[in-house]
Amino acid sequence: MHTITPPLPYMRHASAASIAPEKHKSYRRYVHRRTMESWRKLRAWMETTRLPEDLDDGLERLEDYIHRWRSVRIIYFTMFLMALGFSIILTGIWPFLNELDPSAGKEFMGLIVAANPLGQMIFSPIFGWWGNKLGTIRLPLMISLGLFTIASGLYSSLELCQDNVKYWMLASRFLIGVSSANIALCRSYLSAATRLSERTHAVSMVSLAQVLGFIIGPGLQALVTPLGRHGHVWLWGGMHVNMYTASGWINVIMSMGNFFMFMPFIFQEHKIAAREVMVMQGGTSERDTWKAIKPNYFSAWTLIVAFFVLVFNFVLLETLGTSLTMDMFAWTNDESLYYMGIFMAIAAIISLVTFVLIEPMCKLFAERFVLIWGGFSLMVIGRLLYIPWGPEPPKQAMAYNASANLNSSDPIYLGCPPTQDWCPNLPALTLTQFIIGFALTSVGYPIGVTLIQTIFSKVLGPRPQGVWMGLMTGAGCLSRVMGPVFVGSIYTRLGTYWTFGFTSVMMIISMIWLLCSNQLLIPPTIDKLAKVVELRELHKPDDQSNADANSPIDEVEDELLATSKVVRILPSSKA
């Protein structure tokens, strides 16, 4: 029997066909191996293998230190999400409301935006009291995040409502504000979960998280603009995802992830501040430590007012940005959303660079001078630039007429609406003014908001700062309530001169006040306590350094159980 040998070209083809899958498998294994190796190296680089030298004092173990900072970083993300939940709809709320109910008007839009901080301002003390009563923040935070998820889903489902849509929108934003009252819990936990030497860094990072939330929100709105007005309809018509509702669904997804982060096997509360205070004051009470420092309450209230002014001006610009560009530059809803999203995304990048530069600047100049000349001065110039000096009034829009069978985005309906009587009488804001003023705000605001809270923390000294941080949070909430209302009452009725003239004067007065009282912004010096204490581990082998610790003393000793170590606090003979 003869064997038929296939032609040589066929054999080559068959051989190549059998080798190709092997090469692909080998390549996939190589990529997987390199990826896992890179991941292991990254984890090893990020892993904390020992306590920092200045914190290795027996108050906590390495494991506790790692868990404590994991919980602090989860708090950072929660603060970011709460800020994002407020800002992500700012650029889209007016066109969305106008689509759902054209008769609502800008004044009602101002109420909708103000509903969020109003709910937060009312319920912040309640959440704070609830957390203190329970002795834990986990349950209040998880319930608030659940409410945040439901309220965000309600906002994204407004198109399903047939009647009173504007009131449903108002209710959804108020409930999101109620849920974001958990910021009071976050700030109080940061005060309890950080040492005095870590407090300033923690407060600065919280400021960064919030600023990024405020700035990135409109950028995310711009990313979903290509979905268009109609977008996609899923779940048999029960889920509408378009350029207006996608922002709410983003909140839903992120809040569900944040909820999971607070599960007991991930988030573990470690309150180290109380133990550190006991060590500092010799084991009597926290109040004895507070008496070593006399905080200047006038300075604290000055910083709270400055914080209010700064946040008010920033939120005003975010709230007014979309309608201002539509009025001044005759942009459509889509164009305004798109370009404002781009501006916000660029502002986020500028703010990130600014945050990196704050620490080097504060090494060259005092923090209070960086605050005044780097933060407030740029904000003042940015507000002055928004006073219009265009050659002619903005383009006048015609009143919308449904019987004309024209789309609302038709050019004759674009521009400054006839309901605003000041439009024909005031010059238009130029695009150059808008961009330069926006850029200066993107630099000045992060400097100001970070250094105000940093100096505020230092002025108060090493004391529990929950109540004072709550007051500052309340000032920020009040500014976010008044900002949108200011848009509805001043901008709509009186125009750009009054709006930006008033805010410019407000910023100038605040800057002058800070200049006059800059000496009061210097943090108090900590006088040495009457008894300087040393920590001695009782379970180390005896050596010369522990001779004093093992010798009898007359003073009252305070033994502190620090997780796995027992330490004795002794008066030092070398004080």
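Select cysteine 416 and cysteine 423 to start: their link is left-handed, with -55° about the S-S bond. This is a disulfide (a pair of cysteine sulfur atoms within 2.5 Å), and here the S to S distance is 1.9 Å. A search of the whole structure turns up 1 disulfide. Cysteine 416 and cysteine 423 are both buried; buried means under 20% relative accessible area, exposed over 50%, and partly exposed in between, using a 1.4 Å probe and protein chains only.

Before you move on, keep in mind that this is a predicted model, where local features need pLDDT of at least 70, side-chain atom pairs count only at pLDDT 80 or more, and totals for chains, interfaces and linings use all residues. Residues are numbered from 1 along each chain as its sequence is written, and side-chain values use heavy atoms, with hydrogens and water left out.

Next, pick two other cysteines. Cysteine 186 counts as buried because its relative accessibility is 0%, and cysteine 477 is buried at 1%.

Now go to serine 323, in helix H12 (residues 297–329). Helices here are DSSP runs of H or I with at least four residues, strands are runs of E with at least two, and both are numbered from the N terminus. What does serine 323 contact, leaving aside its neighbours within four places in sequence? Show Trp94, Lys106 and Tyr491; contact means heavy atoms within 4.5 Å. Serine 323 has 2% relative accessibility, so it counts as buried.

Time for the rings. Rings of Phe, Tyr and Trp (its six-membered ring) pair if their centres lie within 6.5 Å; planes under 30 degrees apart are stacked, over 60 edge-to-face, and the rest tilted. That rule gives 21 aromatic pairs. Phenylalanine 77 is partly exposed at 24%, while phenylalanine 80 is buried at 15%.

Then select phenylalanine 314 and tyrosine 445: their ring centres are 3.9 Å apart and their planes at 10°, so this pair is stacked. The pair links distant parts of the chain, with phenylalanine 314 in helix H12 and tyrosine 445 in helix H15 (residues 431–460), 131 residues apart.

For a group view, highlight the cluster linked by ring pairs; among its members are Phe329, Trp331, Tyr338 and Phe500.

Last stop: the charged end of lysine 166 sits over the ring of phenylalanine 108, 4.8 Å from its centre. The rule asks for NZ of Lys or CZ of Arg within 6 Å of the ring centre and within 35 degrees of the ring normal.
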